[in-house]
Amino acid sequence: MLNIKEIRNNPDFFIQNLKKRNLDNSEKLIKEILDLDKEYREFLEKKEKLLSSRNQISKELGQNKNDQAKFNELSKKVSDIKKQVQELDDQSSNSFEKLNNILMSIPNIPDENIPVGKDETENLFIKDYGKIVSKKNIKPHDEIAENLNIIDFETAVKISGSRFVILKDSLAKLERALISFMLDVHTQENGYKEYSVPVIVNEDAMYGTGQLPKFREDQFQLNNNQWLIPTSEVSLTNMISNSIIDYEKLPLRFVAATQCFRAEAGAAGKDTKGMIRQHQFAKVELVSIIQPEFRLNELDRMVSCAELILQKLDLPYRIMLLSSGDMGFSAEKTFDLEVWLPSQNKYREISSCSSCGTFQAARMKARYKSVDGKNNLVATLNGSGLAVGRTIVALLENYLNEDGSVSIPSALTPYMNGLTKL
RNA sequence: GGACAGGUGGGUGAGAGGCUGAAACCAGCUGGUUGCUAACUAGCCUUACGAGUAACAUCGUAACGAGGGUUCGAAUCCCUCCCUGUCCGCCA
């Protein structure tokens with residue numbers, strides 16, 4: 001959530017920066033915010049003054065219990081105040097609610113050093129890694145796995161619906177191996193602490209990381225007010241909501257592997273074949289909580305932690321710095337890691353690492369105690385390390401042998417019970 | 001799921017309509033004294049928002065699990081919900 005005080009002090013900054021995020025009506029939006037804010041504070045101030053006098057009179061009343069005439073007079077006074085307070089209270093909370101709804105629906109301000117652009121075509125190439133070898137037999141991953149009889153889309157459709165998949169035998173094992181492998185690398189080499197977290201969260205958590213209120217239709221909602229997480233970023237980051245962390249405890253680095261759930265509304269016709277875009281998929285997620293001044297270094301660090309997985313798996317990839325128009329709602333700066341998919345002859349996103357600055361922390365009231373004893377908002381970062389489903393896709397296609405089998409990269413063999421091929 | 005008991009500051013824990021933003025103790029912080037690795041002592045020690053300030057200070061309002069209600073006045077009384085504990089049932 002953007003800081004209302006900062007908007008008050010420098011509205012133009014926000015107008016210009018929101019334009020970078022394709023919010024063309026930002027002047028109107030900021031004006032509306034400032035008006036509501038002013039209105040709210042006026043109501044609030046009036047109300048509090050009245051409450052103050054009410055409190056004082058109430059005190060006097062207690063001292064004048066025995067003086068009937070005075071008691072009645074003062075009682076009447078307070079009753080009058082009460083009515084006015086009621087009205088002002090309605091007005092102020094009405095303004096506040098409107099203000100808050102708008103603020104909660106506005107995306108984060110992009111970092112000043114990222115490319116300004118409309119969409120993904122203006123993302124900036126940072127680097128690539130690994131050789132793309134031209135191969136004779138190139139097949140899409142779903143065909144490869146079907147030929148090996150280790151994947152079953154039809155049965156998944158029967159029991160669940162479209163965009164679900166069943167992995168079988170060695171491929172199911174591969175998923176499990178990948179999860180263990182990634183968790184081991186992040187906990188043993190990258191300094192993250194492993195968690196096993198709920199995949200069902202309450203509405204506050206979904207607001208905290210920014211899935212709500214704007215992206216309701218992308219989520220799976222359970223009855224009550226509970227939601228299936230679209231990423232374990234939600235569970236991990238919200239662990240620190242409404243808390244004040246000691247300075248010396250920072251940074252916190254969390255990693256978790258969970259199933260993730262996405263409604264994929266609005267993705268009709270996109271990646272309908274195969275397991276690139278599913279309603280449910282496994283993902284290993286990295287989250288860092290850190291003092292804001294160190295957040296961009298931490299982002300670079302996080303990217304290299306994700307890269308390490310790809311390097312150990314020896315998969316060709318490239319890194320893109322997202323343009324302002326292509327970033328997620330909560331992000332101020334995002335690097336995408338894209339893995340090479342031979343069948344599509346292009347790179348596809350396999351990890352997205354973002355700094356959210358204090359944007360999420362403001363929503364979830366996550367603070368740290370600074371050296372001089374002040375409570376400041378923390379910065380939050382998250383990144384995939386990696387999306388397991390898409391890693392499977394990449395392995396199937398990049399490790400396909402001429403006989404139709406698929407080799408297992410050596411980094412994974414310790415996790416595959418001696419199996420070296422699918 | 002049922003019955004009972006609870007939910008108060010960093011922790012323990014009092015308070016049972018106005019004297020309580022909250023006793024006492026512990027921890028922590030700042031100083032004083034003695035000296036030696038501890039004792040004594042004075043003070044400070046929740047948060048959010050608003051006003052105010054160059055920044056402090058200061059002032060106001062609110063918060064005792066959450067949300068409503070009763071009352072001139074609620075941590076305290078009433079209702080709903082959430083959570084924790086214990087016992088029972090069910091269950092991986």
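**Notebook: strands, helices and the RNA surface**

I began at strand S14 and found that three bridges join S14 to strand S15 (residues 375–377), the two running antiparallel; strands here are DSSP E runs of at least two residues and helices are H or I runs of at least four, numbered from the N terminus, and two strands pair if DSSP finds at least two bridges between them. I note that this is a predicted model, in which local features need pLDDT of at least 70 and side-chain atom pairs count only at pLDDT 80 or more, whereas totals for chains, interfaces and linings use all residues. Residues are numbered from 1 along each chain as its sequence is written, while chains are lettered from A and ligands numbered from 1 in the order in which they are written.

**S14 and its partners**

In the hairpin of S14 and S15, five residues lie between the strands, and Gly373 takes a positive phi near 85°. With strand S8 (residues 243–246), S14 pairs in the parallel sense over four bridges, and there I found Asp246 opposite Lys369.

**Helix H4**

I checked the span of H4 (residues 68–104), whose 37 residues reach 52 Å from first C-alpha to last, close to the 54 Å expected at 1.5 Å a residue; the expected span is 1.5 Å times one less than the number of residues. I list Leu88, Ser92 and Ser95 as the buried residues of H4, and what covers them includes helix H3 (26–63).

**Surface near RNA strand B**

I counted 16 residues around RNA strand B, of which Ser52, Ser58, Leu61, Gly62 and Val78 come nearest; near means a C-beta atom, placed from the backbone, within 6 Å. H3 gives the most to this surface, with ten residues, and H3 and H4 each supply at least two.

**Domains**

I took the bounds from the domain assignment of chain A, which gives domain 1 (4–104) and domain 2 (120–415). Their C-alpha centres lie 42 Å apart, and four residues of domain 1 are in contact (C-beta atoms, placed from the backbone, within 7 Å) with four residues of domain 2.

Key: Buried ≥ 20, exposed ≤ 12 C-beta atoms within 10 Å, placed from the backbone. Contact = placed C-beta atoms within 7 Å. Domains from an automatic or database assignment.
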